[in-house]
Amino acid sequence: MSVLERGGKREGMVEGPNNPEGKVRELQRRLWTCAKRSRSRRFHALYDRIWRGDVLLEAWKRVKANGGAAGVDEVSIRDIEERGAGEYLKEIQNVLKAGRYRPSPVRRRYIPKGDGRQRPLGIPTVRDRVVQMATKLVIEPIFEADFQLCSWGFRPRRGATQVIREAGNHGHNVVLDADIRDYFGSIDHGKLMVLVKERVSDRRVLKLIGQWLAAGVMEDGTVRETLAGTPQGGVISPLLSNIYLGYLDRIWENRCRHLGILVRYADDFVILCRSESQCKEALRRVKIVMERLGLEMHPEKTRMVNLAGGKEGFTFLGWTVRKRRSVQRNPRKHFVQRWPSPKAMKRVRERVHEITDVRGRQSRNVEELIEKLNPVLRGWGNYFRTGNADREFNKLDDYVYGRVLRWQWRRGGQRTRFGPDRWPRERLLGMGLHRLQGTVRYPQVTTSRMHSQENSSVSCVRENRTHSLKGGAGNGSC
């Protein structure tokens, strides 16, 4: 067994699992238990656990599985694998032990947003991603013990839209659909560190986090200092963002939950109220908390929505949420339903169009084309299959079938003998093309979940904000 696979007993751990992954889980369980038993405890001996061999090895496995581009040092995951991951992790371990670790600036990249603007992303180096992941593995269980039930983003086994459905069906018809302006770029570093220090007193860990916040951004060959915010794309950023808005969650659960049910996913959140007056008061109190945190509500994206009678709806996490009549349940009443939003439908169609564009010459034959389409369709379908998405699923099935036929016709050129009658839908399905129709599931949910959301302030992996358009299993829990 290599040095990196030995957890050892020097960390005060009793005899546990022999495999590195099991030892990391055991460490996380113990940290979570200690944090849960004492909400005032501050942890002071965490840094030595970050450079533990089994923790670094697990961090590397997760960074490798997530993939991603190289940072400013232009060292990719493939380069590290060719060189040898064991030697690479040993070097990181030695640098951390000696206290000589210094993060590099993040590499600035932009991705298009739905409104036509650009969303800035920060790409850390692979080395920094490994160290951030190791730190996250150690400190996340401590803060997870404090997170409220209303926090759903980037957390294990949490599905937010189910609570919205239950609350809307039990009288919470007035919704505050809120959004924070430039949240990840507006986080105050000083206030964030104060919140981190509520649970962590290890100076070396606090120094690590402070270094990542102040590492700077490289864009067009120039390094720019970062005075506020956390870079979207950093491994540690989602946890830090939840810690920062955990202040809002605690205030709401302790002082304001009589006004309505808060459901928050990162910087997007809704508050489901029973009356318009409650909703207005909720907005007033949220603005006060945002001012304390140095944040601002987005004036264009923040609005009040009336769900009663199906009058209005709102979009949340890629879903359109609105009340409709249900023939099966009670045709005289409206019930909350959810289905893929127009923006989500547009994005998946664009991804299908990209794969089936004959000009890209990405596929040599139909079998290869289907092999590339299926992960996208399965991932997207798994995310949206727990709603009322039959109509949208059928539309997407028709779109995919049409694109495959067009791909075959365009690929053959002017002299092609292709005929649509030779390629019925059943033939493509027989070749393995994934079909969305018939995959929708309607989970039976009791009202206990909704009541636990209202009456409990005790918290129980992330939801995929891209809705699995890059392939994968998706998240069917929401």
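1. Start with helix α11 (residues 237-256): the helix lies across β6 and β7 and runs at about 175° to β6. Contact here is heavy atoms within 4.5 Å. Axes are lines fitted to C-alpha atoms, for helices over the stretch in contact, with angles from 0 to 180 degrees between N-to-C directions. Helices (H or I, at least four residues) and strands (E, at least two) are DSSP runs, numbered from the N terminus.

2. A word on what you're looking at: this is a predicted model, where local features need pLDDT of at least 70 and side-chain atom pairs count only at pLDDT 80 or more, while totals for chains, interfaces and linings use all residues. Residues are numbered from 1 along each chain as its sequence is written, and side-chain values use heavy atoms, with hydrogens and water left out.

3. Next, have a look at strand β6 (residues 261-265). Five of its five residues are buried, so the strand is largely enclosed by the rest of the structure. Buried means under 20% relative accessible area, with exposed over 50% and partly exposed in between (1.4 Å probe, protein chains only). Ile261, Val263 and Tyr265 cover one side, and Leu262 and Arg264 the other.

4. β6 runs antiparallel to β7 (residues 268-273), joined by five bridges; strands count as paired if DSSP finds at least two bridges between them. Arginine 264 sits opposite phenylalanine 269 of β7. The two strands make a hairpin with two residues between them, and alanine 266 in that turn has a positive phi of about 55°.

5. Zooming out, β6-β7-β3-β8 is the order of an open, antiparallel sheet of four strands. β6 and β8 (303-306) are at its edges with a single partner strand each, so one side of each has no neighbour in the sheet. From one strand to the next, the twist averages 20°. β3 (residues 174-179) and β8 are antiparallel and share four bridges, with aspartate 177 opposite arginine 303.

6. There is also an open sheet of four strands in the order β2-β1-β4-β5, and its pairing is mixed. Here β2 (118-123) and β5 (222-224) are the edge strands, each with a single partner, so one side of each lacks a neighbour in the sheet. Neighbouring strands are turned by 40° against each other on average, direction ignored. β4 (residues 217-219) joins β5 in the antiparallel sense through three bridges.

7. Phenylalanine 314 has valine 321 as its bridge partner. Two residues lie between the strands, and leucine 317 in the turn has a positive phi of about 55°.

8. For helix packing, check α1 (residues 20-37) against α6 (residues 126-144): their axes come within 8 Å and cross at roughly 35°. Residues making the contact include Leu27, Leu31 and Trp32 of α1 and Leu137, Val138 and Ile142 of α6.

9. Finally, the aromatics. Rings of Phe, Tyr and Trp (its six-membered ring) pair if their centres lie within 6.5 Å; planes under 30 degrees apart count as stacked, over 60 as edge-to-face and the rest as tilted. The count comes to eight aromatic pairs. Tyrosine 183 and phenylalanine 184 are edge-to-face, at 5.3 Å centre to centre and 65° between the planes. Tryptophan 380 and phenylalanine 384 are tilted, because their centres are 4.8 Å apart and their planes at 50°. Ring pairs also link Trp319, Trp380, Tyr383, Phe384 and Phe393 into a cluster.
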